[in-house]
Amino acid sequence: YVFFLQESMHAYAANVYTSVVEELIKGKHRKFIAVEQEFFRLWWDAVATDMHKQQVHQLLQEGRLEFVIGGQVMHDEAVTLIDDQILQLTEGHGFLYETFGIRPQFSWHVDPFGASATTPTLFALAGFNAHLISRIDYDLKANMQKNKKLQFVWQGSPSLSERQEIFTHVMDQYSYCTPSQIPFSNRSGFYWNGIAAFPDPPKDGVYPNMSLPVTDTNINLYAQTMVANIKERAAWFQTSDVLWPWGCDKQFFNASVQYSNMDLLLDYINKHSDEFGVTVQYATVGDYFQAIYNRNLTWEIRDSQDFLPYSTEPFQAWTGFYTSRSTLKGIARRASSLLYAGESFFTQYVRKHPASSICKCRALRQLQSLRWAVSEVQHHDGITGTESPKVKDMYTNNLMYGMFNVKKLMASIIMDMNNAKKNGEVYSSIYINDSGIPDVDQYVVVYNPLAWNITTFVAVSVSHLEMSVYDELGHSVPAQVQSSAESHSTYDLYILVEISGLSYRKYNVKPLIGKQSAFIGRSVKYKRKDVTRANQQNRQLLPVVNNCYQVLFDQNTNLMHSITERESNQTVQLTQEFLEYHVNGDVMKGPISDNYLFAPNASAVPVSKAVGLEVVSGNLMTEIRQYFYSNVTSQDYIYAVYTRMYTVPEGYDGKLLCHRIEQEYSVGPLELNREGVLRTSTNLNTRQLLYTDSNGYQIQKRPFKAYVNNTVARNYYPMVQTAYIEDDTTRLMLLAERAHGVSSQGNGQVEV
């Protein structure tokens, strides 16, 4: 963690703030906008001198340094949860308000890959006056540009509509970087400090690609180039104010050379403004939006439709990142959930035990380590999975370290509340299903961070088949133990827990004593079936039943056949299979399928010719394990699905559990240039209409669109928490514990 951040600080980030602040002080007309708080805070805490700090306060008062967005990061918009967007925004805004007494008023969301409708809603709710985005579909942008429709009032929420609307500016085709082509030099223009060098700044101060300095001989050529670009862009907007971004990624690490050249150029253009027909000035985003506001125009209203997915060219659909680095996406979601649990648990504890023995400062530091980690991973090159392996490791390590701290805090609170001797009695403050419980009596402590009562199962790994589970009063608790699908040496123990809102319960897990044992799940293995040679005529159907559903499996193929909702007696034909898209991995043939892009060569192809089936059934749960092999004789399976159906005993509120069919998937290893999907096909007449959530906040309607090129990839959408398909009578709903890409490539189909 420290290494990567130190490297970035060392290579350029620290120099940006140091040199920008020093240069702004030197010229009263100079201005600068700062966005992400993570790097600014690191500079403020570790690099800035007292003089720098005094200067920052002064520049903010003069309006020459402006913080925009003001979150810890510029968050991704496709695969993040609104809860986490709020968290990272609060984390940055809290620092800015405490330190400077200011609240950011504008956004600068120039780099996320597509724009969600949740973000403008969130920024409107946060009191922003305007929102700025850039990355939207190339063909849509060209059209909006031509018709001067790049600015509008966006009502991002269908339910809040005009109560939370925000003026939105879409950057034109040049986006947020200064166009670097200058006709009078083969070097780029306007980037006088060159390109940042990693990991060490060059000793002689000469960076790669430094632009030609502005001189008497070329100043007119520089001015002509800049003015021509300004005029080209002016034609795309309704007012005569043009936002001309100066800079790009990793720029201004030598602000002195940047400003000294630009000062000359601006003076020259303004001296010859009659000839050029343009006047120029340094400005912040706030200055620009103020100028637009002063024009007092009427703007078109955009409804809650978002700008996802995002394509940059006919064969460049940025839909690959919806599922890139799936492990990181999963850890980020679990960390966020644990953070919320830890904060609510600690808050209640302090309220009820104000004089407790736990050090509050240390506790807040433990929570802060996870707040910081969950905030930073929301970055548009974080949870997206588009960062380098080294940076991915940094995010992961920070999350794991923060989670460890918060679990430790929760465990110490429980120990304190139980006044237990600190003898390792507590197994874990929040259950983690990858820890084996040894032979001695163990306690499993389960906390419900929701504000309402829940009845659910928690799974823990145990080393014996015969176990008993008791609650705090010594009453036996319904549980089921069975062989583990993934491990030969351990068993899975499922404990039925009933916990009221914001409370925790302690369960004692013992090796079997007396008769009160957990139910044992018994396994029946069925023969592996060749899917390609299945006899469709004489179908043998195997029923698996709980109080809500009957699920039928076709014994000729070992695939799911249908689901019947028992109360209404409605049946949906439903089958699931894994397919793979063969994707382009050859740069000579066009854009490759990578962490950003999804570049399929054709439709998905089925991958498994044979399916194995095992049914583990017990009194509380039935688990159907399907193993997908490339052929009948293959040694190892390439995919697996574990489907769980629950039966809750009398006396428990099992309605939600009963209506949930839970599935866990095991995927890979995949061959090179393959992208795996789980396709669920039904007989619902959905007309290929898909619904997906927008950052776990509201729902977006996703009709299937036919394109000249790349139709498959351009019909993929992010599923952060949920997606569904439906017809007039029935809805099939998916709920996910991490973000994935989702699409409906056929009528009645949904694939993940």
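Where is the place of Asn296? I began with this residue and found Asn296 in the loop between α10 (285–294) and β6, where helices (H or I, at least four residues) and strands (E, at least two) are DSSP runs, numbered from the N terminus. Its phi is near 55°, a positive value in a residue other than glycine. I noted that Asn296 counts as exposed, at 68% relative accessibility; buried means under 20% relative accessible area, exposed over 50%, and partly exposed in between, with a 1.4 Å probe and protein chains only.

Before going further I wrote down that this is a predicted model, in which local features need pLDDT of at least 70 and side-chain atom pairs count only at pLDDT 80 or more, while totals for chains, interfaces and linings use all residues. Residues are numbered from 1 along each chain as its sequence is written, and side-chain values use heavy atoms, with hydrogens and water left out.

Other loops. I looked up Ser161, which lies in the loop between β4 (151–154) and β5 (166–170), and its phi is near 30°, again a positive value in a residue other than glycine. I then turned to cis peptide bonds: one joins Leu308 and Pro309, with omega about -5°, and Pro309 is found in the loop between β6 (301–302) and β7 (311–313). Another cis peptide bond joins Gly668 and Pro669, with omega about 5°, and here Pro669 is in the loop between β26 and β27 (674–682).

Sheets. I traced an open sheet of five strands in the order β17-β23-β24-β25-β26, with antiparallel pairing; two strands pair if DSSP finds at least two bridges between them. The edge strands are β17 (522–530) and β26 (662–667), each of which pairs on one side only, and the twist averages 15° from one strand to the next. Within this sheet I followed β25 (residues 639–646), which pairs with β26 in the antiparallel sense over six bridges, and I saw Thr643 standing opposite Gln663 in β26.

I also followed strand β15 (residues 503–511), which runs antiparallel to β10 (residues 442–448) and is joined to β10 by seven bridges; Gln442 has Val509 in β15 as its bridge partner. Strand β12 (residues 467–470) is joined to β15 by four bridges, also antiparallel, and Ser468 stands opposite Lys510 there.

Helix packing. Which angle do α7 and α8 make where they pack? I found about 75° between α7 (residues 219–234) and α8 (residues 255–271), with their axes 10 Å apart; axes are lines fitted to C-alpha atoms, for helices over the stretch in contact, and angles run from 0 to 180 degrees between N-to-C directions. The two helices are therefore roughly perpendicular to each other, a term for angles of 65 to 115 degrees.

Single residues. I placed Leu65 in strand β2 (residues 65–67) and noted that Leu65 is buried, with a relative accessible area of 6%. Leaving out residues up to four places away in sequence, Leu65 touches Leu24, Phe32, Ala34, Val56, Leu59 and Leu60, where contact means heavy atoms within 4.5 Å. Leu24 is 41 residues from Leu65 along the chain, and their C-alpha atoms are separated by 8.1 Å.

Definitions and conventions:
Parallel < 35°, antiparallel > 145°, perpendicular 65-115°, else oblique.
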